Amino acid sequence: MARPREFDEQRALTAAMETFWSLGYEGTSTRDLCASTGLGPSSLYNAFGDKRSLYLRALGRYHETSTAEQVALLQRPGPVKERLRRLMVHAVDADLDEAGRRGCFTINAAVEAPVHDQEVRDLAARSFDQVADALRAALAEGSRTGEIRASGDLRALARRVQSTYYGLRVLARVQRDRQALLDTVESTLADL
């Protein structure tokens, strides 16, 4: 007799994250979530609560994985401009991947969420702030070593780089010209 498959909460949460990321909150049905997680409706909601609770946990999971990956790219050793380039090029290439073309789940959630949805806005802000802090730290390091020509507020400079980075993530959803996106990366780095 075959043993029932054990419930793997992280695997199911990651599957739900992928589904919400691909379809958006409004576009994702319980049927979609059941298909991706392998759970029946009652098991799904017993494990995670309602659709909104699962969505918030999925967005948190993305923060734990993707935001952490972005920060790790910025904290690697090496020249600061190369780390910034690696961050942006990695995002461009991932976002241009035909299998994905989903962009950044956090950006998607922030755009899709109603203005009054403070929980989603707070989760998105947490991710955005963490990336901004890592950018500021990298730029501060580059400023100390003379690699970055920084005069003035490094937080403002980090926000400007972050705006370009997130803008690239949005553009890559519709722009098929990789070189045009890479030209933006190089122009941004040349201005530092």
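1. Let's start with Arg-169: in this predicted model it is buried, with a relative accessible area of 7%.

2. What do the side chains of Arg-169 and Asp-95 form where they meet? A salt bridge, at 2.8 Å from N to O.

3. Next, have a look at Glu-18 and Arg-102. They form a salt bridge too, with 2.6 Å between the closest N and O atoms. Glu-18 belongs to helix α1 (residues 9-27), while Arg-102 is in the loop between α5 (80-96) and α6 (105-112); the pair therefore ties together parts that are 84 residues apart in sequence.

4. Glu-18 is partly exposed, its relative accessible area being 31%, whereas Arg-102 counts as buried at 18%. The value for Arg-102 falls under the 20% cut-off that defines buried.

5. For a local pair, go back to helix α5. Arg-85 and Glu-82 meet through their side chains in a salt bridge, 2.9 Å from N to O. They are three residues apart in this helix, so about one helical turn separates them. Both side chains belong to partly exposed residues: Arg-85 comes in at 23% relative accessibility and Glu-82 at 32%.

6. There is also a salt-bridge network to click through, made up of Arg-52, Asp-117 and Glu-119. If you want the overall tally, a search of the whole structure turns up 12 salt bridges; the pairs discussed above, including Asp-95 with Arg-169, are among them.

7. Finally, helix α4. This one runs over residues 51-75, which makes 25 residues. From its first C-alpha to its last it reaches 35 Å, close to the 36 Å expected at 1.5 Å a residue. Where is the kink in α4 centred? On His-63, and the kink is about 30°. So when you look at α4 on screen, keep both values in view: a span of 35 Å and a kink of about 30°.

Key: Residues numbered from 1 in each chain as written. Predicted model: local features only at pLDDT ≥ 70, side-chain atom pairs only at ≥ 80, totals over all residues. Heavy atoms only, no water. Salt bridge = Lys/Arg side-chain N within 4 Å of Asp/Glu carboxyl O. Helix = DSSP H or I, 4+ residues; strand = E, 2+ residues; numbered from the N terminus. Buried < 20%, exposed > 50% of the residue type's maximum accessible area, 1.4 Å probe, protein only. Expected span 1.5 Å × (residues − 1). Bend = angle between axes of the 7 residues up to and from the residue.
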